[in-house]
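Subject: A structure for you to look at

Hi there,

Here is the structure I promised you. Have a look at it first, and then read my notes on its charged side chains below.

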Amino acid sequence: MQGHSIWVILALSWLFCSGSHADQETRLQCDDLNVYGAVDLVLSAHNKGLTEGNQLALYQIIEAAQSQNESSNFLSVHFTARESNCTAGEDKTWQKCDYIQDSSKLLRHCHARLLLKETQEILSHHCSVEPPLIAEPRPPCLGCPESISVKSSDIKESLSYSLSKANEVSDHTHHFVLNSVAWATRQVIAGFRYQLQFDMRKSNCSKEDFKYITDECHPDATELTFINCNSTVDVAPWRHELPGISLKCESGPLQTSLITRRRPPGWSPLRNIHDFEVKPNKKDSSEESQESKTLSESQNPTTELKPSLSTDEALRLDNSTSFNCPSKPWKVFVVRANPPPRPRPDIREQPLELVLDP
């Protein structure tokens, strides 16, 4: 029994020692000359084995890594290549070829593994076309609210009813007119449900003198008073009924950055909604930018400008933190658009000439 335990301990020790000498992988720079030499060897071997078609030329080196075990060193490399204008069997190296500038010629992805010794030996290599990954479109959510543009005429009716309802329930002495719309959604239920967020501004029309908002109602220039509201409007046109409106309002303008539309002068529910944009004052924008810059500097008083590094130091620092992968394209690939075909003459528009035998 004791002898059996000793053999078990020896076996476990051997497995531990052999596992500690497993392959250890180290990433390499993609612009390393040894990596480029390995890619050159793989491409040359690939093109030499072609019997038809066109040779491949390097496009980019994507990644490279070196590994080792107890006896050997290995190099793994992943690079992309494009079809060149050199045909198979032609006595030319791929460096003397140019890409075929055709978008239908898809990028080839090549993977190779080499044994590193005095003369590198290719253990395996494979080049194939990998189609780009295309995300599958998400199916629409039936019955879920969907955002719609606040410039859409689809919200005109719901917005008009919401404004009328807001003025009706308000205990203010004056009517309020639309100031801005923040967002809008539409949902398909037993009809359509619109949800709106907007704000209104006090007008010059008092409820005593004006029963409804008319074209004479404009924002009151002497007093800035706002009301912001969230409304839900249920519309079913085929029922020939007034829409159901649920409204919640409070004093003050909208406190949101989503406002994308402003009310044009003289707008009322009796008028169409026109597109109107408020462009920021360039002078104010520059002053705000300068103010934020000054504030940032004041909040970081200890920030100092560091002296610039020398070229050698910057290069050494860059190499220690980056693998320069993927490498720069070997040559520029430019897809030239084919000129549009010339329109064919319409035979029906050409006059017919009758040739009569004498």
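Please keep in mind that this is a predicted model. I went through the salt bridges, and the structure holds nine of them. As background, side chains of opposite charge can pair when their charged atoms come close.

Let's begin with Glu-121 and Lys-117, whose side chains meet in a salt bridge at 2.9 Å, N to O. Glu-121 is partly exposed, at 34% relative accessibility, and Lys-117 is also partly exposed, at 48%.

Next, find Glu-83 and Arg-108, where the salt bridge is 3.2 Å from N to O. Glu-83 belongs to strand β3 (residues 73-87) and Arg-108 to strand β4 (residues 108-116), so this pair ties together parts that lie 25 residues apart in sequence. Glu-83 is buried, because its relative accessible area of 14% is under the 20% cut-off. Arg-108, at 22%, counts as partly exposed.

Then there is Glu-223 with Lys-202: the closest N and O atoms of this salt bridge are 2.5 Å apart. This pair links distant parts of the chain, with Glu-223 in the loop between β8 (191-206) and β9 (226-235) and Lys-202 in strand β8, 21 residues apart. Which of the two is buried, and which is partly exposed? Lys-202 is buried, at 7% relative accessibility, while Glu-223 is partly exposed, at 34%.

Enjoy exploring!

Best wishes

Methods: Residues are numbered from 1 along each chain as its sequence is written. This is a predicted model: local features need pLDDT of at least 70, side-chain atom pairs count only at pLDDT 80 or more; totals for chains, interfaces and linings use all residues. Side-chain values use heavy atoms; hydrogens and water are left out. A salt bridge is a side-chain nitrogen of Lys or Arg within 4 Å of a carboxyl oxygen of Asp or Glu. Helices (H or I, at least four residues) and strands (E, at least two) are DSSP runs, numbered from the N terminus. Buried means under 20% relative accessible area, exposed over 50%, partly exposed in between (1.4 Å probe, protein chains only).
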